[in-house]
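Student: Hi! Could you walk me through this one while I have it open?
Tutor: Happy to, let's bring it up.
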Amino acid sequence: MIAETVCSVAAVAGLGIAVVTAYRKRFLAAARIAAYALVPLGLVMTGVVEWAADTAFSPTAWAGFAVLGGAWALFATTRTVERRRGGTRKERRAAARSARAEAVAPAASAPSLGQASRPASRPAAAPRSTGGADDFSDIEAILKKHGI
């Protein structure tokens, strides 16, 4: 009851200050002050103030806050233990990605890639022409070195 009265008085006082501000030709500031002044009145009219007062003096509400605090502490503790076990979030994500990749195709692409990377037989070297052979000899040596 007292909280509702205090909020109503604050709203009336704020509206009075808004009227004085509007009289001084500062209409934008007056509108802003009026908006702030109407907030406590709106809270009283919607019942939020009564609910807050009932919650503040209710043992059941405080027990509920204690249960919420315990749940939060339990969650924080489990997160801390999980982090200390050695697995970071990035490591867990990398493990999950590798598990997904193996689940899709465990070793299906390994034989085909292994055989395709090496040619079955090397073609015979083409006879060299005397004109531009010197220009490409370095490139040809590098390609032979890599087996291409």
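Tutor: One term before we start: a contact here means heavy atoms within 4.5 Å. Also keep in mind that this is a predicted model.
Student: Got it. Which residues does A30 touch, leaving out those up to four places away in sequence?
Tutor: With those neighbours left out, A30 is in contact with A18, T21 and A22.
Student: And is A30 buried or exposed?
Tutor: A30 has a relative accessible area of 6%, and buried means under 20%, so A30 counts as buried. A30 sits in helix α2, which covers residues 27–46.
Student: Zooming out, how many helices and strands does the protein chain have?
Tutor: Seven helices and zero strands.
Student: What share of the residues is buried?
Tutor: In the protein chain, 10% of the 148 residues are buried. The accessible surface is about 12,700 Å², and carbon and sulfur atoms hold 67% of that surface.
Student: New topic, charges. Which residues form the positive surface patch?
Tutor: R83, R89, R93 and R97 make up that patch.
Student: Which helix gives the most to the positive patch?
Tutor: Helix α5, residues 89–104, contributes three residues. R89 belongs to helix α5, and R89 is partly exposed, with a relative accessible area of 45%.

How values were computed
Residues are numbered from 1 along each chain as its sequence is written. This is a predicted model: local features need pLDDT of at least 70, side-chain atom pairs count only at pLDDT 80 or more; totals for chains, interfaces and linings use all residues. Side-chain values use heavy atoms; hydrogens and water are left out. Helices (H or I, at least four residues) and strands (E, at least two) are DSSP runs, numbered from the N terminus. Buried means under 20% relative accessible area, exposed over 50%, partly exposed in between (1.4 Å probe, protein chains only). Accessible areas come from the Shrake-Rupley method with a 1.4 Å probe; for residues, only the protein chains shown count as cover. Patches are made of residues with over 30% relative accessible area and no salt bridge: like charges are joined within 9 Å, nonpolar side chains (Val, Leu, Ile, Met, Phe, Trp, Tyr) within 5 Å. A salt bridge is a side-chain nitrogen of Lys or Arg within 4 Å of a carboxyl oxygen of Asp or Glu. Lys and Arg count as positive and Asp and Glu as negative; His and the chain ends are not counted. The place of a charge is taken as NZ of Lys, CZ of Arg, CG of Asp or CD of Glu.
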